[in-house]
Amino acid sequence: MFVDRSRRDFMKTASAATLSAMAGGGHRLLGAGKVEPTADTLILLWMAGGMAQTETFDPKRYTAYETGLESAKVLSTFPDIPTKVDGVRFSKGLEKIANVMDRCTLIRGYQAGDLGFILHSRHQYHWHTGYAPPQSVACPHIGSWIGKILGPKSENMPAFLDVGQSLEIGAESDSLKAFHTAGFLGTEYGPFFIPNPEDAASSVRPPANISRERFAERWARYQKLMAASPVLRNSSSAQQESLKRSVENAHRLLTSPAAAAFDLNLEPEKRRAPYGDSRFGRACLLARRLTEAGARFIEITTEYIPFRYWDTHENGHTRAADMKAMIDGPVSQLILDLEERGLLDRTLIVLASEFGRDLITEGKPGKLVKDQIKQPDVMTEPKHYGMHRHFTEAGSVLMAGGGVKRGFVYGVTDNQRPCKVVKDPIKIEDLHASIYHAMGIPPDAGAEIERRPFYVTKDGKGRPVNELFIKS
Amino acid sequence: MMRCAWMFVILPPLALGQSQVPDFARQVHPLLVAKCAACHNSRMKQGGLALNTRAEILQGGASGPAAKPGDSASSLLMARVTGERGPRMPLNSPPLTADEVGLLRRWIDGGARASDGPVASDWKPTLTLRAPAVPEGAGSPLDRLMDAYWKKQKVKAPAMASDAQFARRAYLDLWGLLPTPEELQRFESGKEPDKRARLVETLLANPAKYTDHWISFWNDHLRNDEGVVYHGDRQTITPWLKKALEENMPYDSFVRALLNPVEKTDPAGFLVGVNWRGDVSASQIPVLQAAQNSAQIFLGINLKCNSCHDSFINQWKLKDAYGLASFFSDAPLPLYRCDAATGETASIKFLYPELGEAPAIDSPLELKRAAAAELFTKAENGRTPRTLVNRYWRALFGRGLVEPVDDMDAEPWSVEILDWLAADFVAHGWDVKYLLRTLMNSRAYASASTAGGDATPFVFRGPSPKRLSAEQFSDAVSAITGEWRTQTPRGPGAAKYVREWQVKSSPLTRALGRPIRDQVLTERANNPTTLEALEVVNGSTMATSLWRGARRMMGVLPDAPKPLFDSGVVNAQKVVCDVALNGASKIWLVVEDVDSYDPTRTRAGWAGIAFAKANGAVMFKGDTHSSQALLMKVPSMMALDTMGAERLTASVGVDVESLASDINPRIRFFAFSEQPDRSRLIAAEGETPVARPPSLKDKVALVDRVFLHALGRKPSPKESAVAAGYLRDGKPEGLEDLLWSVLLSPEFQYVR
């Protein structure tokens with residue numbers, strides 16, 4: 001009978017697993033720790049909603065708008081601009097990131113999963129966990145895997161921080177919540193949410209109506225009350241201790257100097273200005289501060305709200321211009337600031353989206369899906385002008401730091417419609433395997449759940465793309 | 001640690017040199033498990049050979065003994081693994097390494113000895129129910145079986161729990177609520193010798209409170225949740241589930257309704273599963289989900305592995321998962337292995353064919369489902385009642401007779417107790433409340449809890465401490481302070497005060513373990529985590545609860561203003577507003593989002609808004625055309641002068657441009673004659689799930705009440721002194737802080 005070899009091999013590793021590989025509480029880890037990391041922190045800049053690659057990092061022939069323009073003729077709605085790297089061009093509006101392209105690796109051939117129907121949150125679930133729902137177990141978010149396997153980088157900083165996404169967004173709230181969790185790994189490895197970076201400080205400060213003095217005073221009284229308890233005095237248990245410890249950890253986080261990292265007001269105005277005034281911009285500044293304070297994984301998102309931000313069903317051109325203006329300054333400044341502080345080499349930055357966009361193809365060539373966009377064959381209004389359909393064939397991923405090559409492009413897409421990936425396609429398993437590789441985690445690392453292995457990449461089959469890295 | 005029929009506790013590896021004799025349990029057995037057990041296990045003995053235990057190795061199979069102690073050269077096992085005698089083993093897999101071969105050789109030559117430590121278990125569960133003999137003695141049958149167990153284990157019976165501990169445990173186990181100080185006082189001062197049994201009776205006899213607690217248990221197990229949308233199929237079973245619990249539906253009927261929903265009111269949603277639009281893995285189509293979930297929840301069998309391929313961790317095969325799924329499928333199922341079509345079609349087959357023939361694969365669906373329902377619940381299937389008994393045992397005692405509870409092939413720590421309980425349960429009509437009564441009237445349940453029970457093998461020494469669930473935590477805070485969650489109706493009218501399970505999860509309850517019910521869940525992680533502590537210590541949900549709660553306890557919580565007008569939920573329709581202003585000089589118009597797809601693009605309008613005097617003279621009138629209506633963003637609030645008017649009229653609704661499907665507005669309009677409390681727009685009326693505590697001003701009374709309700713006891717003199725410090729200036733903030741401290745105490749969060 002045919003059986004999957006890697007699963008059989010799991011039984012061998014399971015039996016021979018040393019107790020030292022067992023993390024406390026529940027799920028035994030598998031196979032971790034055999035890779036030399038080139039990064040200690042991962043910053044995921046999440047372009048939620050489907051970032052149009054031909055309007056950003058993979059520009060094609062530009063066609064200006066005019067009434068009567070055929071949709072099929074339009075590949076990009078912006079002219080392209082040079083970058084710091086010869087021969088590599090970006091879309092107009094990303095001048096600042098273009099200027100730091102020499103620190104970056106750009107993937108142009110990311111191919112999203114074929115899920116049979118375009119549903120943003122389902123593709124986002126797939127991107128963030130490596131598995132498409134429904135699944136038989138609750139899948140952990142990539143940030144939770146990293147937090148669980150590597151642990152926090154600093155004891156005063158939650159390992160997994162999630163900035164910029166509100167979870168109450170109307171109809172897709174439930175699907176969003178479904179993957180913003182540590183799944184079966186347990187809430188210890190779940191995300192610490194900061195929906196609004198300006199309020200980040202408040203998530204690590206006492207609630208608005210409680211002054212610092214009062215917070216400190218009640219903590220002191222709490223200790224006294226616990227010490228006075230006849231019940232706690234006479235009996236102690238592992239559970240009591242672990243609750244005590246969790247409360248102390250929380251308190252320490254709230255009162256440690258590291259908590260100052262969350263306060264954007266402490267950043268001098270001169271250094272704050274290049275990040276701009278948008279929530280995303282401020283979040284990038286927060287990411288830099290948190291990295292300096294020892295965060296392990298930070299996700300910063302432009303935010304998914306149906307039909308907002310990168311999710312352009314119409315008016316794609318003007319919206320893309322707005323989005324580029326939103327990200328250009330902050331992303332480039334984040335890279336420069338980390339470099340200036342000597343942190344870029346050990347911090348991996350990944351800018352990605354759940355899929356790309358095209359005007360004509362919904363899905364991918366050869367695997368079209370039900371069309372959800374009203375795009376006329378001939379444009380009659382400016383709102384028809386832009387990349388409106390959901391394109392799973394090709395997307396761009398920009399990486400910097402953490403050991404990736406500098407000024408390198410991986411993957412090529414065709415300059416003619418349907419703009420297929422013609423060289424070096426990469427799917428989520430291998431993209432994740434590459435990210436995990438940089439962090440020192442092999443693609444068949446995982447945990448045991450219900451006595452079976454569950455891997456960080458699907459079936460443990462992801463393979464890191466060594467060409468992306470300086471040290472192969 | 002997990003146990004199963006042929007894999008035992010993994011022990012730390014010994015550091016052995018090459019020349020030492022390998023240890024069977026630590027080295028030889030794991031190797032055999034890894035390389036041989038897929039075919040040579042107790043259930044499936046290829047060639048008649050199992051390599052599970054030392055005894056089986058020495059006994060061998062059809063070709064004779066596998067090992068001759070002291071003589072590896074003559075041992076068949078060695079001949080097979082070296083290929084000296086074909087076929088080489090393991091079959092169709094890479095050969096053992098030289099080291100591995102050497103390990104086996106050295107073990108055999110060293111005498112093929114057993115370990116000193118724990119040995120692989122020969123345990124095989126029986127399928128049929130058995131009613132073991134109950135020894136003579138005092139007490140109920142369960143008590144006598146328990147005494148026999150403790151005698152055999154040479155363990156002293158635990159001390160009795162105090163009345164306060166018993167009451168706290170029993171109330172939480174049956175109602176999910178702490179006993180109020182009044183209830184506790186009444187129980188403690190009772191003089192009847194059987195007062196504990198009477199308390200259990202009283203608690204069981206309240207269907208509403210019982211249901212409000214146990215519905216969360218079943219929501220987890222049946223992955224039922226309200227209004228969760230993934231743009232695919234999913235159906236709630238709450239109305240049926242609620243009724244089943246309220247009426248104490250016998251468990252066999254309960255299972256049959258879930259597996260074979262016939263009436264319109266039956267829970268079709270369980271078989272519908274959780275679906276997302278688009279392509280799914282073959283192992284997750286609804287009928288495969290149904291097979292996995294019904295096997296796990298009702299039989300304690302894991303079919304997840306073998307929904308893609310034959311399992312490597314138990315005896316189940318791909319055809320078994322499909323065999324069961326076929327009972328729920330209209331048409332015969334094409335067999336997929338690892339998402340690749342095999343070209344075969346699955347046969348319909350129950351997991352235990354000895355229980356009965358499956359109907360023909362082309363039978364009508366109703367017949368197949370009815371057959372499944374029958375096979376799961378027939379008298380000869382003892383697994384179903386044992387699985388249920390074990391789950392309830394775990395719920396009450398903190399650890400099952402069998403662990404993990406989803407692997408009912410594992411050996412119970414008392415076969416007699418599990419079997420007796422299961423047989424007794426069935427003999428009494430599968431009555432769940434009867435089972436609860438039996439367990440809760442036992443001496444074991446009445447005992448003090450004992451921490452520490454992770455010894456191997458496990459020995460039961462009494463109930464384990466349990467942690468409050470997310471729902472119990474939230475309801476406890478509500479009951480102590482009198483400040484409850486509210487549930488707003490769809491139409492106009494008052495909101496109701498409800499328990500935590502009926503409202504959407506909050507960041508606090510999610511952090512405390514309230515699950516996302518995408519999968520069935522039989523065990524919530526209950527270890528304290530830092531994120532959870534952050535929510536309790538610093539989260540806004542907790543802070544708001546305590547702010548309001550403290551003030552309510554002290555009788556100083558301001559009432560939220562009531563609206564003059566409440567449109568109820570509006571999407572495409574228009575609602576008429578026609579209200580008297582009652583002398584108000586100002587009016588606040590509020591529009592709130594209920595559940596719009598895109599509230600930011602929704603425009604709400606008060607068309608034809610008019611302020612009129614009593615005699616009908618109109619002082620201000622907006623145009624009746626919606627484009628000229630008083631438009632407001634969602635959500636927003638606007639204050640207007642009434643200019644001495646006596647009446648306000650308008651036609652409220654959504655702007656016509658907002659009626660697009662990608663906006664899908666659902667909003668609600670209000671008008672207030674005083675500044676509204678945006679968090680309490682819809683007033684709640686009616687009773688609270690637990691009667692509100694009397695509002696107290698006396699500091700000692702407040703402290704005592706908090707301790708009595710939260711912890712089930714009065715504060716010690718030292719504690720009273722510290723607590724008095726919190727309340728020294730008599731302000732609500734002091735009480736907030738005291739509540740906060742008590743809620744963070746392990747004594748509060750754990751149930752001893």
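1. How many residues does the contact take from chain A, and how many from chain B? In this predicted model, 84 residues of chain A and 90 residues of chain B take part in the contact. The area buried between chain A and chain B comes to about 7,800 Å², and carbon and sulfur atoms give 63% of that area.

2. On the polar part of this interface, 19 residue pairs are counted in polar contact between chain A and chain B, with both residues at pLDDT 80 or more. The rule finds six salt bridges across the interface of chain A and chain B, and R214(A) forms a salt bridge with E736(B), in which the closest N and O atoms are 3.1 Å apart. The elements of chain A that give two or more residues to the side touching chain B are the helices α1 (5-16), α3 (120-129), α5 (173-179), α6 (200-203), α7 (212-227), α8 (230-234) and α9 (238-255). Sorted by class, the side of chain A that touches chain B has 38 nonpolar, 21 polar and 25 charged residues.

3. Over all chains, a search of the whole structure finds 75 salt bridges. In chain A, the side chains of K84(A) and D102(A) meet in a salt bridge at 3.6 Å, N to O. This pair links distant parts of the chain, 18 residues apart, since K84(A) is in the loop between β3 (80-82) and β4 (89-91), while D102(A) is in the loop between α2 (95-99) and β5 (104-111). K84(A) counts as partly exposed, at 47% relative accessibility, and D102(A) also counts as partly exposed, at 23%.

4. A salt bridge also joins K364(A) to D114(A), with the closest N and O atoms 2.5 Å apart. K364(A) is in strand β11 (residues 363-364) of chain A and D114(A) is in the loop between β5 and α3, so that the pair links parts of the chain that are 250 residues apart.

5. In chain B, the side chains of R705(B) and E182(B) meet in a salt bridge at 2.8 Å, N to O. Because R705(B) lies in helix α23 (residues 699-711) and E182(B) in helix α7 (residues 181-189) of chain B, the pair ties together parts that are 523 residues apart in sequence. R705(B) counts as buried at 11% relative accessibility, while E182(B) is partly exposed with a relative accessible area of 38%. Returning to chain A, salt bridges that share partners join E267(A), R271(A), R288(A), R289(A), E292(A), D337(A), E340(A) and R341(A) into one network.

6. The last point concerns a sheet in chain A, where three strands form an open sheet in the order β1-β19-β20 with antiparallel pairing. Why is one side of β1 and of β20 left without a neighbour in the sheet? β1 (29-30) and β20 (452-455) of chain A stand at the edges and each has a single partner strand, so one side of each is left without a neighbour. Strand β19 (residues 446-449) of chain A pairs with β20(A) in the antiparallel sense over four bridges, and the bridge partner of G446(A) in β20(A) is Y455(A).

Methods:
Residues are numbered from 1 along each chain as its sequence is written. Chains are lettered from A and ligands numbered from 1 in the order in which they are written. This is a predicted model: local features need pLDDT of at least 70, side-chain atom pairs count only at pLDDT 80 or more; totals for chains, interfaces and linings use all residues. Side-chain values use heavy atoms; hydrogens and water are left out. Two strands pair if DSSP finds at least two bridges between them. Contact means heavy atoms within 4.5 Å. Buried area is the accessible area (1.4 Å probe) that two parts lose on being put together, summed over both. A salt bridge is a side-chain nitrogen of Lys or Arg within 4 Å of a carboxyl oxygen of Asp or Glu. A polar contact is a pair of N or O atoms within 3.5 Å; within protein, one must be able to donate a hydrogen and the other to accept it, and residues adjacent in sequence count only if both atoms are side-chain atoms. Ala, Val, Leu, Ile, Met, Phe, Trp, Tyr, Cys and Pro count as nonpolar, Asp, Glu, Lys and Arg as charged, and the others, Gly among them, as polar. Buried means under 20% relative accessible area, exposed over 50%, partly exposed in between (1.4 Å probe, protein chains only).
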